[in-house]
Amino acid sequence: MNRLFRFLTACILAAALPVAAVAAPAPLTEAQLRDALANHPDVMLDFLRDHSEELLDIVREGSVLQRHKAAIAAWEKDLTVPKQINVRGHAVRGDASAPVTIVAFSDFTCPYCQRASKEIRTLMANNPDKIKYIFKAMPLNNTGTAKLSAEYFAAAALQSPEKAWALYDLFFDSYDVVTQGTPADLRALAAKAGLDTARLEKDAASARIQDLLEADIAEGERLGVDGTPTFFINDLVVRGAVSQDLFARALSMALDATSSSRR
């Protein structure tokens with residue numbers, strides 16, 4: 001018996017049945033519930049209005065469960081289609097020998113990417129030695145701070161992967177500055193990360209970095225990335241800023257698939 005059925009049963013017992021019946025209620029069948037709803041619509045509407053917040057919570061919970069089921073079903077299909085993603089030339093966060101690779105197609109100016117970045121950091125903290133993480137920029141705009149932040153992160157990796165990840169964290173943690181600020185504001189964040197900003201600007205404008213970013217965008221399009229953030233967890237495709245429990249489930253499925261392939 002699901003939560004909604006229990007809730008509606010409580011509505012009937014509390015509002016639609018005689019007081020004598022409520023004293024020792026027998027469980028309602030689905031047919032009885034349907035009949036009571038049909039015969040007592042006015043009382044039921046009053047009860048539901050009085051308990052609208054609880055009903056809304058139940059509806060939301062059901063919607064979340066349906067999305068989870070749909071995501072897991074899609075991931076089971078993903079496991080049958082190996083993904084080839086080029087990670088050469090990109091900074092790696094985490095254990096380079098980890099069994100699961102997470103490749104993010106993301107954007108520092110995307111609010112959903114900002115939210116998902118926190119979930120990924122939590123996922124990695126909870127699963128040390130199991131994940132290596134690669135960031136590939138797909139800027140929402142080809143101008144302004146969206147493009148410049150992508151260039152700066154890629155260029156920072158040429159100086160120091162550790163400082164590049166420090167800049168990554170600063171960009172997402174300073175979301176308002178990145179989205180509403182100026183190039184000078186981004187340079188200030190780069191300096192805070194310990195980077196040589198003069199070299200950073202030069203490298204960011206170089207053909208090497210421009211070619212890398214263009215290749216990442218083209219690869220994302222080839223893989224069917226149609227929005228940010230999109231994560232490839234080995235062969236699983238996670239679209240959007242999903243909850244921590246869904247990220248954990250995807251990681252578990254990827255780990256299980258990796259273990260099975262080694263047997």
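Trainee: What is the volume of the largest cavity?

Mentor: This is a predicted model, so local features need pLDDT of at least 70, side-chain atom pairs count only at pLDDT 80 or more, and totals for chains, interfaces and linings use all residues. Residues are numbered from 1 along each chain as its sequence is written, and side-chain values use heavy atoms, with hydrogens and water left out. On a 1 Å grid over the protein atoms alone, a cavity is a set of points where a 1.4 Å probe fits but cannot get out; a pocket is an open set with protein on both sides within 12 Å along at least five of seven lines; lining residues have an atom within 4 Å of a point. Grid points are joined across faces, edges and corners, and a volume is the space filled by probe spheres set on the points; for the largest cavity it is about 100 Å³.

Trainee: How many cavities of 30 Å³ or more does the count give?

Mentor: Rolling a probe the size of a water molecule over the atoms shows where empty space is left. Counted by this rule, the cavities of 30 Å³ or more come to one.

Trainee: Which element gives the largest share of the lining of the largest cavity?

Mentor: The lining has 14 residues, and Gly-89, His-90, Phe-153, Ala-154 and Leu-212 lie nearest the centre. Strand 3 (131-137), helix 7 (144-159) and helix 12 (207-222) are the elements that give two or more residues to this lining; helices (H or I, at least four residues) and strands (E, at least two) are DSSP runs numbered from the N terminus. The largest share is five residues, and the element that supplies it is helix 7.

Trainee: How many residues in the lining of the largest cavity are nonpolar?

Mentor: Ala, Val, Leu, Ile, Met, Phe, Trp, Tyr, Cys and Pro count as nonpolar, Asp, Glu, Lys and Arg as charged, and the others, Gly among them, as polar. Two residues of the lining are polar and two are charged, and the number of nonpolar ones is 10.

Trainee: Which element gives the largest share of the lining of the largest pocket?

Mentor: The largest pocket holds about 230 Å³ of space. Its lining has 13 residues, with Arg-67, Ala-71, Arg-239, Val-242 and Leu-246 nearest the centre. Two or more residues each come from helix 5 (52-78) and strand 5 (236-239). The largest share is seven residues, from helix 5.

Trainee: What covers the buried residues of helix 12?

Mentor: Buried means under 20% relative accessible area, exposed over 50%, and partly exposed in between (1.4 Å probe, protein chains only). In helix 12 the buried residues are Ile-209, Gln-210, Leu-212, Leu-213, Asp-216, Glu-219 and Gly-220. The cover includes strand 2, strand 3, helix 7 and helix 11.

Trainee: How far apart are the end C-alpha atoms of helix 6?

Mentor: The expected span of a helix is 1.5 Å times one less than its number of residues. Helix 6 (residues 111-126) has 16 residues, so it should span 22 Å, and this agrees with the distance in the model, 23 Å.

Trainee: Is Ser-106 buried or exposed?

Mentor: Ser-106 lies in strand 2 (residues 100-106). Contact means heavy atoms within 4.5 Å, and, leaving aside neighbours within four places in sequence, the residues that Ser-106 contacts include Cys-113, Phe-135, Phe-172, Thr-228 and Pro-229. With a relative accessibility of 3%, Ser-106 counts as buried.

Trainee: Which residue does a cis peptide bond join to Thr-228?

Mentor: The residue sits in the loop between helix 12 and strand 4 (230-233). The omega of the cis bond is about -5°, and the partner of Thr-228 is Pro-229.

Trainee: What is the distance between the C-alpha atoms of Ala-193 and Lys-163?

Mentor: Ala-193 is in the loop between helix 10 (183-192) and helix 11 (197-204), and is buried at a relative accessible area of 12%. Not counting residues up to four places away in sequence, Ala-193 touches Lys-163, Ala-166, Leu-167 and Leu-170. Ala-193 and Lys-163 are 30 residues apart along the chain, but their C-alpha atoms are separated by 5.8 Å.

Trainee: Is Asp-129 buried or exposed?

Mentor: Asp-129 is in the loop between helix 6 and strand 3. Although Asp-129 is not a glycine, its phi is positive, about 70°. The relative accessible area of Asp-129 is 55%, so the residue is exposed.
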